[in-house]
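Dear colleague,

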Amino acid sequence: MKVSVGSTTKYYIETYGCALSEFDSEIMRSILRGAGYEECKDPREADVIIVNTCAVRLDTEAKIVKRLKELNGLSLQGKKLVVSGCLSKARPSLILRTAPAASLVSPQNVTRILDAVTLDRPIYMLDGERDVNFLPKPPTRDSVATVMISEGCLENCSFCETKLARRYLKSYPPRAIVSIVRDLVQGGAREIRLTGQDAAAYGVDLPGKPRLPDLIADILDKVPGEYRLRIGMMTPNQAMEIIDDLLDVYRDERVFKFFHIPVQSGDDRVLKIMNRRYTVAEFKELHSKVKAKYPSSLFATDIIVGHPGEDEGAFMNSVRLVEELKFERVYLAQYSIRPRTASASMPQVPEPVKKERSLRIQEVIKKIGVEIYGSYVGGRFRGLLASRGFREGFSTVRLDNYFPVAVPASTLRSYGEFVDVKITGATYFDLRGVIVS
């Protein structure tokens, strides 16, 4: 079927995965809007259906496959089906077994989405590099906007399938990022999230090698206004290279004192099996530098439980690391096999063992979280009324260290305002409070 471009031509887009995937969806939306397409909320009403996929976890993959089976029925009724994102690049054969008539678009080819939707036959665009000369202005939701600063990373972790989909580091030019941030702030955005597969690797591939601290300083210097930057995830070894300059530029009040640096395991032998290029001692030193400079910062990390090679002793080393460093946030995941990765071919930890270990370390994480977040109860703090909350009738205020405070939604306040909040309660992962005059 050939889809003609016009104001009545409708598309539907469904997105899975991280902020990078969401940003790629915005690139495709921007191009389709410019070509006269109209977005709709129901795939049954669309002429073109786009599913932007994720390849990080097995459960997400299963959900996507199930959804593609449902949508494949619509494609048999004459609708165009396009599958984009990491899973289309990492596992194209899986996609085509599930939806044989689909066109495939890798993350690097999202700027060519019109080719995929206008041709009267399936097309497979899986090679090539990202066009970093095209950086659309992302939408602002409430007062929050996300800007991709780079794709890919410099690592080769044995468990990661995303590496197969976003293999090479491609950074957007600083001037383009600064221009987008300026436009967003002028348009009302107050929380700007700078995201990448590894934000700390930003700029290594660019002429002159401007690094992440240079980019942040450039934004702060050239974009006036009262806003906040939230810096995305950084790998430990890349963060170590820039940490002194990074801590220096974080002094500006417009940068949230937030650090997301995944350790993945508290055991050196498992880190080596994972092909993570640092030791536990080096990670502790990095954490110590951050906390020495910004004691109340939110230091988030990731831990994988049950990776191949993790015995009881290695697991307990991860538990002890959590107890020692007392992370403000831990993103916990049970290891899941990802095809075509080195870890998939290793002897596996039994599923019941992974589940039991996850429950044990989760209890430690909760206990520490209650202690940290509970210490804020009764205090009064300044924060950004950033967005709608996860629960109906609540909004989220972000403190300077990015701690989230759930407050009752108010018709007297607008998203993007800076407000005073009194903390009235806490859970192990957030604060509860009320806005005060």
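This is a predicted model: local features need pLDDT of at least 70, side-chain atom pairs count only at pLDDT 80 or more; totals for chains, interfaces and linings use all residues.

Residues are numbered from 1 along each chain as its sequence is written, and side-chain values use heavy atoms, with hydrogens and water left out.

Helices (H or I, at least four residues) and strands (E, at least two) are DSSP runs numbered from the N terminus. Five of the six residues in strand 9 (residues 191-196) are buried, so this strand is largely enclosed by the rest of the structure; buried means under 20% relative accessible area, with a 1.4 Å probe and protein chains only. Strand 9 pairs with strand 7 (residues 144-151) in the parallel sense over six bridges, where pairing requires that DSSP finds at least two bridges between two strands. In that pairing, V144 stands opposite E191. Strand 9 is also joined by four bridges to strand 10 (residues 228-231), again running parallel, and there R193 has R230 as its bridge partner.

Elsewhere, a closed barrel of five strands runs 14-15-16-18-17 with mixed pairing. Within the chain, strand 16 (residues 404-408) and strand 18 (residues 431-436) run parallel and are joined by two bridges, and V405 stands opposite L431 of strand 18.

Finally, helix 11 and helix 12 are roughly parallel to each other, a term that covers angles under 35 degrees.

Best wishes

Conventions:
Angles under 35 degrees count as roughly parallel, over 145 as roughly antiparallel, 65 to 115 as roughly perpendicular and the rest as oblique. Buried means under 20% relative accessible area, exposed over 50%, partly exposed in between (1.4 Å probe, protein chains only).
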